[in-house]
Amino acid sequence: MPRESTLRYLIAGGIGGIFTVVTGHPLDTVKVLMQTRPDHYKGTWDAIKKIVAQEGSSSLYKGVMAPLVTVVPIFAIGFLGYGYGKDLVAEPDQETLTASQILFAGLISGACTTIATVPAERIKCLLQLQTNRSVYNGFMDCGIKLWKEGGIRNLYIGTCATFLRDVPSTGLYFCSYEEIMRSLTHESDNVTWQPLLAGGCAGVVNWIVSMPFDTLKSKLQTSTLGDYPRGMRSVYPVITKRDGFAGLYRGITPVLIRAFPANAACLWGYEICMSLLDKYASWI
């Protein structure tokens, strides 16, 4: 991949990530609390009412600094990995990739982001869980305390669950997005509303696939070092003992409500940024 394409993927991917966080973080907070405190809430709306009543509406943005600080590099790496993946599977002079090629490129993207995603989500989940800054005084304070308590291992709790969540779901995410875009867009069309619809649908597909591993990840990442010594093998029976396999989909309602607008915003921002770079910064 030429350097110019690399820089474009980094810029547009970072912009798409910011759009995602700003749009979707409140419902992400609801999702994490429902996953980790199943006895506290009867459902999505009950969780929202209780969170807002107890801590105010701004509490829905608890932990937002963690994804905001890390989202630009994570999404930039993700879209860059996707770009490299497409270059890797494309035949010489092939202009349109097949669905299986796009799926493989998406798998590469998901694998590329895991290293950066795990510590960021560990911090985010802990900040979302606490009330009134009782333990951690923000993003940096949380990261430093986790490091002091258990070193890098403490920051990387939930790595396997994150990898199993992100790799297949990201592959299907990009594959479904590209296929929907193809069905909506012709060569003569201006790309305006299409990324919103395609991105929203792709986000829903992503979360239906990834939700069980995300629930395992959230439970692990809101625990202390040593609580689940065998990782997913320790936490899986804890979750399923109460609600069966359905327990792995706890919080799916706020996830799906969030998935459409957040991912629509992400891929719309990505496509618009790419168009603006083509128009005003063709030298990049």
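**Aromatic pairs, nonpolar cores and helix packing**

Tyr249 is partly exposed, with a relative accessible area of 27%, a value that falls between the limits of 20% for buried and 50% for exposed residues. The model is a predicted one. Tyr249 forms an aromatic pair with Phe245.

In total, six aromatic pairs were counted. A pair of aromatic rings is described by the distance of the centres and the angle of the planes. For Phe79 and Tyr270 the centres are 4.3 Å apart and the planes lie at 20°, so this pair is stacked, given that planes under 30 degrees apart count as stacked. Phe79 belongs to helix α3 and Tyr270 to helix α9, so their pairing ties together parts that are 191 residues apart in sequence. Phe79 and Tyr270 are both buried. Ring pairs also place these two residues in a cluster with Tyr82, Tyr173 and Phe174.

The largest nonpolar core has 23 residues. The members that touch the most other members are Tyr9, Phe79, Ile102, Tyr173, Phe174, Tyr177 and Tyr270. Two or more residues each are given to this core by α1 (3-36), α3 (65-89), α4 (99-129), α6 (159-184), α7 (194-221) and α9 (252-280). The largest share, six residues, comes from α9. With residues up to four places away in sequence left out of the count, Phe174 touches Phe79, Tyr82, Ile102, Gly106 and Ser109. Another core, of ten residues, lies apart from the largest one and includes Leu33, Tyr41, Ile48 and Leu129. In soluble globular proteins, nonpolar side chains tend to be buried together.

Helix α7 also packs against helix α8 (residues 232-243), at an angle of about 105° and with the axes 10 Å apart. The angle makes α7 roughly perpendicular to α8, because the range for that class is 65 to 115 degrees. On the α7 side the contact is formed by Phe213, Thr215, Leu216, Lys219 and Leu220. These residues meet Met232, Val235, Tyr236 and Ile239 in α8. By class, the contact of α7 with α8 comprises seven nonpolar residues, one polar residue and one charged residue.

Notes
Residues numbered from 1 in each chain as written. Predicted model: local features only at pLDDT ≥ 70, side-chain atom pairs only at ≥ 80, totals over all residues. Heavy atoms only, no water. Core = buried A, V, L, I, M, F, W, Y, C linked by side-chain atoms within 4.5 Å. Buried < 20%, exposed > 50% of the residue type's maximum accessible area, 1.4 Å probe, protein only. Helix = DSSP H or I, 4+ residues; strand = E, 2+ residues; numbered from the N terminus. Contact = heavy atoms within 4.5 Å. Axes fitted to C-alpha atoms, helices over the stretch in contact; angles between N-to-C directions. Parallel < 35°, antiparallel > 145°, perpendicular 65-115°, else oblique. Nonpolar A, V, L, I, M, F, W, Y, C, P; charged D, E, K, R; others polar. Phe/Tyr/Trp six-rings, centres within 6.5 Å; stacked < 30°, edge-to-face > 60°.
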